[in-house]
Amino acid sequence: MNWQLPLMLAQTNDSNLENLRERTEAISMQGTTVPDSSLIREGTSNPFVTEYWFPTQASSFAGEVDFLYMSIFWISLVFFVAIIGAMVYFCVKYRRKDGVIAPEPSSSHNTAIEILWSVLPSIILVWIFYVGAETWFEMRIPKENAEEIQVTAKQFGWLFTYEDGDQTNELHLVRDKPVRLIMQSEDVLHSFFVAAFRQKMDIVPGRYTYAYFEPIKDGVYRLSCNEYCGTGHSKMKTACIVHTSEEDRKNNTKWIEAEKTPFENGQRIYQIHCSGCHKVDGQAATGPALNLIWGENEKMIDGTTELVNEDYVLDSIWYPAKHIVEGYGPVSKMNSFKGILDQKDVDYVIAYLKELKEQSGDAK
Ligand code: CUA
C-alpha cells in the first residue's frame, strides 16, 4: 500500500509544476473575473493534499530531524512498555493476600541493577543530546554560500524579496542552493513553517529572525503561518516552489514593469500587497472586496457616502483611517502604505480596479 496518499507532490518536477499552475489557475478562475498568473490564490482549494505519514523530506537536514524524532519515539515506547509492564506484573504478584499480614522483606539494594538503571539511561540521554545538538547546528549555522531572501510577514500574507530585487508572494527557491531567510513582521507575531523542510521560525515584530535550510528536492510545498495572528491566520499560506535551476526560478520571479500593462502591474501590486485582506470575488474579508467598488458610492461608518474615485483610492492606500467603510469599523485594521506604494503604484491599482469593474459589468 502506498502511504503517500498525495499523488502529485511527491515527485514534482517543473513539468508537474506547470500542470499544477494550470490546475490552480483553473480553480481560481471559477467565480472570479481575475485572470491569474500566480500559483496559489486566496480562496482556491488547497492543492497540497496532506500526506498520511511524514511529509516529503525536502531539506538537507529533514532526514536527520525525522531520525531523531523516530529514535526518541521508539526509545520512549520501549521504556513505556517495560516500565508499565513491570509495574502491572509486580502489582499482581505482590498484591495483598488473605492470611499474609506483613509484606515480604525486600533487599535493601542491588548494586548491579542500580548501576544499570543509572548508566544506561545516561548513555541514551547523552546520545539524544549529541544527535539533537548536531542537527540543531545544521539548522542554525548557514553555509557561507547561502543566498539571502528577505521575508516580510503581515496580516495576512507573505512578501519575499530576492537578492536581485524581485518580489513575489510565493517563495521560489533553487534545488541544492542553501538559503537564509531574513524575516521581519509588519504587525504581529507570525511564524514561518514549511513542513517539508522541517523548518519553523517565529517572526517577531521589531526585530529580525532568520531561518536556514538547503532544499534538496524540487517540487511545490506548502508554506504556512504557524502562529495564530488574527482572523485571517488560517488563510496565511502560500506555496514554496523549489526549481531545478536558477533560470527556471528567474522565469517565475522576474517582473519588468515597463513591459506590462497598467492593469497587469496593478494586479501584481494587488496580489503582493492587498490580497491578504481584500478579495476580488465580491466576498467580504478583513477588508471590503475591491472588484465592484470603482465609481460607486460607498457607505462609511459615520453615515456619509464617498465616491470611489482616484482620490478615494489614494487616500485609502496612504491614509487608511480616513475613510472607513460601513461594517469594517470602528478602527481601520489596515496599515498605511505610504512609503511602500508610491503614486505611480496607486495609478496601477486604479487601472486594475477600473478594469475589474468593467469586466464584472460585462459579465452581468
Ligand atoms: Cu500570520 Cu498566523
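This is a predicted model: local features need pLDDT of at least 70, side-chain atom pairs count only at pLDDT 80 or more; totals for chains, interfaces and linings use all residues.
Residues are numbered from 1 along each chain as its sequence is written, and side-chain values use heavy atoms, with hydrogens and water left out.

The protein chain holds 7 helices and 12 strands, where helices (H or I, at least four residues) and strands (E, at least two) are DSSP runs numbered from the N terminus. Of the 364 residues in the protein chain, 41% are buried; here buried means under 20% relative accessible area, exposed means over 50%, and partly exposed lies in between, with a 1.4 Å probe and protein chains only. The protein chain exposes about 20,600 Å², of which carbon and sulfur atoms supply 58%, and these accessible areas come from the Shrake-Rupley method with a 1.4 Å probe, only the protein chains shown counting as cover for residues. Among the contacts (heavy atoms within 4.5 Å) in the protein chain with a separation of 6 or more, 66% are between residues 24 or more positions apart.

Five strands form an open sheet with mixed pairing, in the order S4-S10-S9-S6-S7, two strands being paired if DSSP finds at least two bridges between them. Because S4 and S7 stand at the edges with a single partner strand each, one side of each is left without a neighbour in the sheet. Neighbouring strands of this sheet are turned by 20° against each other on average, direction ignored; the axes behind such angles are lines fitted to C-alpha atoms, for helices over the stretch in contact, and the angles run from 0 to 180 degrees between N-to-C directions.

Within this sheet, strand S10 (residues 237-243) is mostly covered, since 6 of its 7 residues are buried. S10 runs parallel to S4, to which it is joined by 4 bridges, and His-172 has Ile-241 in S10 as its bridge partner. With strand S9 (residues 219-225), in contrast, S10 pairs in the antiparallel sense over 6 bridges; here Tyr-221 has Cys-240 in S10 as its bridge partner, and Ser-224 stands opposite Lys-237 in S10. Helix H4 (residues 246-253) lies across S4 and S10 and runs at about 165° to S4.

Another helix to look at is H5 (residues 262-274), which is mostly covered, with 11 of its 13 residues buried. Among these buried residues are Phe-263, Ile-269, Tyr-270 and Cys-274.

The peptide bond from Gln-155 to Phe-156 is cis, with omega near 0°, and Phe-156 is found in the loop between strand S1 (147-154) and strand S2 (157-161). Asp-176, in the loop between strand S4 (171-174) and strand S5 (179-185), has a positive phi of about 65° although it is not a glycine, and its relative accessible area of 45% makes it partly exposed. Arg-198 likewise is not a glycine but has a positive phi, of about 55°; Arg-198 lies in the loop between strand S6 (190-194) and strand S7 (199-203), and at 12% relative accessibility it counts as buried.

Finally, a search of the whole structure finds 14 salt bridges, a salt bridge being a side-chain nitrogen of Lys or Arg within 4 Å of a carboxyl oxygen of Asp or Glu. In one of them, Glu-148 and Arg-180 have their closest N and O atoms 2.9 Å apart, and this pair links distant parts of the chain, with Glu-148 in strand S1 and Arg-180 in strand S5, 32 residues apart. Another salt bridge joins Glu-310 to Lys-354, with the closest N and O atoms 3.8 Å apart; this pair too links distant parts of the chain, Glu-310 being in helix H6 and Lys-354 in helix H7, 44 residues apart. Lys-322 forms a salt bridge with Asp-315 at 3.1 Å between the closest N and O atoms, and here Lys-322 is exposed at 52% relative accessibility, whereas Asp-315 is buried at 14%. Asp-315 is also one of the residues in contact with His-323, leaving aside the neighbours of His-323 within four places in sequence, and His-323 itself counts as buried at 15% relative accessibility.
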